[in-house]
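Hi,

Here is the structure I said I would pass along. Have a look at it, and then read on for what turned up.

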Amino acid sequence: KLGDAFDVVAERKQMDYKNISRRVFEYAYEIRIRNHKDEAIKIFEEIINETSFNKEKLKENLVKELKCIAHYNLAQIQNANEDFANATINYKHAIELSKVNTKPAIILALYETTKNDQEKFDLLNQIIDLIIDEKIKPIENDPEKSIDFSFDEFRSVGVLTFLNYNETLFNKLKPKLSLLGEKPISKHLYD
């Protein structure tokens, strides 16, 4: 799978060194390879269970945001491990705890995980309601705000609704496609 190499951590420790000749050296190393995901899972679970920090010293909003991020990242790991049931649970917790501008990214991640057509419809409908009620507006991609609702995600919602729910959700979203600029709808979807 793509990305698995990033989950592996290698540690090298020099165990022995010999000077065989003036230009020849012999080294012996111990190399330990471990799965970085296991540590990440442990850290995320500690944040969720509030055992890795002193809650009294942090503002409630920060605790809520930390737990949202932990649930989201834990769900991402579970999803990559094809543990869809637990990923779904953690995505839903992340949605409950998230700020309004981060909800769409988490909802879209859950959309990709779920197999139930009615739930997929409901998830896209939640995003569209946030857009229509002007609770969220897409922003340019920003590495500092990687989970905030972006124009790319807005286009994804447009394409998904056009392809799967043209008569219902796409028609509901159409008036807000102008947020992408003054191009024809087909151009927005193609871009």
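A salt bridge here is a side-chain nitrogen of Lys or Arg within 4 Å of a carboxyl oxygen of Asp or Glu. Keep in mind that this is a predicted model. By that criterion, Glu134 and Lys176 pair up through their side chains, at 2.9 Å from N to O. Glu134 sits in the loop between H5 and helix H6 (151–164) and Lys176 in the loop between H7 and helix H8 (185–190), so this bridge ties together parts that are 42 residues apart in sequence. The two partners: Glu134 is exposed at 53% relative accessibility, while Lys176 is buried at 19%.

The whole structure has six salt bridges, and here are two others from the search.

Asp129 and Lys172 meet at 2.6 Å, N to O. Asp129 belongs to helix H5 and Lys172 to helix H7 (residues 166–173), so parts 43 residues apart in sequence are tied together. Asp129 is partly exposed at 29%, and Lys172 is partly exposed at 31%.

Glu119 and Lys92 form a salt bridge as well, at 3.5 Å, N to O. Since Glu119 lies in helix H5 (residues 117–132) and Lys92 in helix H3, the pair links parts 27 residues apart in sequence. Glu119 is partly exposed, at 22%, and so is Lys92, at 38%.

Back to helix H3 (residues 84–97), which also holds Asn90. Is Asn90 buried or exposed? It counts as buried, at 7% relative accessibility. Leaving aside residues up to four places away in sequence, Asn90 touches Ile48, His71, Leu74, Ala75 and Gln78.

Cheers

Terms used: Residues numbered from 1 in each chain as written. Predicted model: local features only at pLDDT ≥ 70, side-chain atom pairs only at ≥ 80, totals over all residues. Heavy atoms only, no water. Helix = DSSP H or I, 4+ residues; strand = E, 2+ residues; numbered from the N terminus. Buried < 20%, exposed > 50% of the residue type's maximum accessible area, 1.4 Å probe, protein only. Contact = heavy atoms within 4.5 Å.
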